[in-house]
Amino acid sequence: MLEQMGIAAKAASYKLALLSSREKNRVLEKIADYLEAQSDEIILANEQDVLEARRNGLSEALLDRLALTTARLKAIADDVRQVCKLADPVGQVIDGGLLDSGLRIERRRVPLGVIGVIYEARPNVTVDVASLCLKTGNAAILRGGKETWRTNAATVKVIQQALEECGLPAGAVQAIESPDRALVNEMLKMDKYIDMLIPRGGAGLHKLCREQSTIPVITGGIGVCHIFVDNTAEIAPALNIIVNAKTQRPSTCNTVETLLVHQDIAGTFLPALSKQMAESGVTLHANAQSLAALQSGPAAVVPVKAEEYDNEFLSLDLNVKIVADLDDAIAHIREHGTQHSDAILTRTLSNANRFVNEVDSSAVYVNASTRFTDGGQFGLGAEVAVSTQKLHARGPMGLEALTTYKWIGFGDDTIRA
């Protein structure tokens with residue numbers, strides 16, 4: 001089965017690579033229209049997925065990610081329309097010039113070919129990935145979690161209908177509907193057909209892909225994000241940022257999980273933090289030094305477990321640790337961070353500069369919430385993933401991250417001397 005999907009995707013990728021921006025946008029507009037016109041079928045399939053997931057004990061955070069409503073589906077369709085408005089990177093000349101040999105050389109953006117994406121209970125990813133891949137002339141093979149197989153099947157059916165009505169092969173966007181985990185292992189070996197693999201899920205999925213895949217893998221999306229409150233930070237603005245970073249949408253990878261507080265301001269900052277976190281319904285997981293100060297406050301507080309510094313809560317839970325200084329904060333981030341998103345709250349320019357230069361994460365913030373790490377917020381449009389590695393993409397991956405380049409040489413019967 002997967003062999004045939006790979007053959008179809010590779011053949012489709014050759015056709016997609018030749019499309020003009022206008023032709024690609026026409027497909028995307030039709031997909032957006034069909035998503036709305038056939039929303040009843042997609043939502044019915046989603047309701048069956050949610051019902052089964054609830055029976056199987058899926059957490060509320062994952063159920064929220066899984067659920068679709070008419071409003072959410074309309075927002076997804078509108079996101080596709082926004083992709084239409086984005087500049088098409090394919091065909092862009094990155095650089096080049098005339099060489100001494102007389103050869104005129106240029107480096108031009110081209111599609112990657114076939115993108116494989118493995119993801120969990122996120123039905124919107126199906127449309128996000130499909131739209132970004134189609135905009136960049138790439139075919140896509142999608143493998144959603146077993147919790148979303150009905151939703152994904154219904155969504156891909158709509159996408160394939162739009163493709164065929166535009167004279168393009170349905171193989172341009174395909175979904176592996178079977179929940180059989182053996183198919184994931186088989187997919188990881190399809191380097192003959194898939195040019196890049198993107199896992200979007202938990203640490204176990206990323207580990208599996210890194211260790212077993214024969215395809216280049218873009219890892220990311222595991223966000224053990226930190227905020228360091230410097231001794232010159234102002235309490236009220238700092239609390240406002242922390243509340244946003246923790247509570248706006250706790251189930252996302254750019255939510256803060258560990259708060260590092262400079263020891264010089266802990267005495268005044270922690271009581272204010274406790275009051276604010278109590279109002280926000282956040283449970284604090286405190287290290288020994290901060291536990292005493294927080295226990296007298298109104299917020300729920302428990303001793304932090306060592307392993308919690310390395311885990312994503314994806315819930316209304318927050319680690320709190322008092323650190324000696326900026327060096328101590330940076331050392332903690334280097335040991336426990338996932339190179340996703342980290343922030344410093346400070347009024348000292350030199351400390352801000354040191355933090356930016358010494359924290360090696362894909363997104364680093366000064367006096368801002370970690371929740372901004374998102375393709376839409378960065379002006380990239382929809383994103384296919386957030387990469388926490390360094391090759392070939394880093395941070396939110398928009399359209400350019402789904403392209404590579406080729407060198408093109410133009411000669412006049414030119415030979416090498």
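Author: Helix α10 (residues 235-247) lies across β7, β8 (256-262), β11 (317-323) and β12, and runs at about 160 degrees to β8. Contact here means heavy atoms within 4.5 Å. Angles run from 0 to 180 degrees between N-to-C directions, with axes fitted to C-alpha atoms, for helices over the stretch in contact. Helices (H or I, at least four residues) and strands (E, at least two) are DSSP runs numbered from the N terminus. Before we go on: this is a predicted model, where local features need pLDDT of at least 70 and side-chain atom pairs count only at pLDDT 80 or more, while totals for chains, interfaces and linings use all residues. Residues are numbered from 1 along each chain as its sequence is written, and side-chain values use heavy atoms, leaving out hydrogens and water.

Reader: How do you know that β7 and β12 pair?
Author: Two strands pair if DSSP finds at least two bridges between them. Strand β7 (residues 225-229) and strand β12 (residues 341-345) run parallel and are joined by 4 bridges, so they meet that rule. His 226 stands opposite Asp 342 in β12.

Reader: What is the order of the strands in the open sheet?
Author: The 7 strands run β10-β9-β11-β8-β7-β12-β13, with parallel pairing. β10 (301-303) and β13 (363-366) stand at the edges because each has a single partner strand, which leaves one side of each without a neighbour in the sheet.

Reader: What makes Asp 195 and Lys 10 a salt bridge?
Author: A salt bridge needs a side-chain nitrogen of Lys or Arg within 4 Å of a carboxyl oxygen of Asp or Glu. The N to O distance for Asp 195 and Lys 10 is 3.1 Å, so the pair qualifies. The two are 185 residues apart, with Asp 195 in the loop between α8 (182-187) and β6 (196-200) and Lys 10 in helix α1 (residues 2-16).

Reader: Why is Lys 10 called buried?
Author: Buried means under 20% relative accessible area, exposed over 50%, and partly exposed in between (1.4 Å probe, protein chains only). Lys 10 has 17%, so Lys 10 is buried. Asp 195 has 28%, so Asp 195 counts as partly exposed.

Reader: How do you know that Glu 234 and Arg 347 form a salt bridge?
Author: Their closest N and O atoms are 3.2 Å apart, so they pass the salt-bridge cut-off. Glu 234, at 43%, is partly exposed, and Arg 347, at 46%, counts as partly exposed too.
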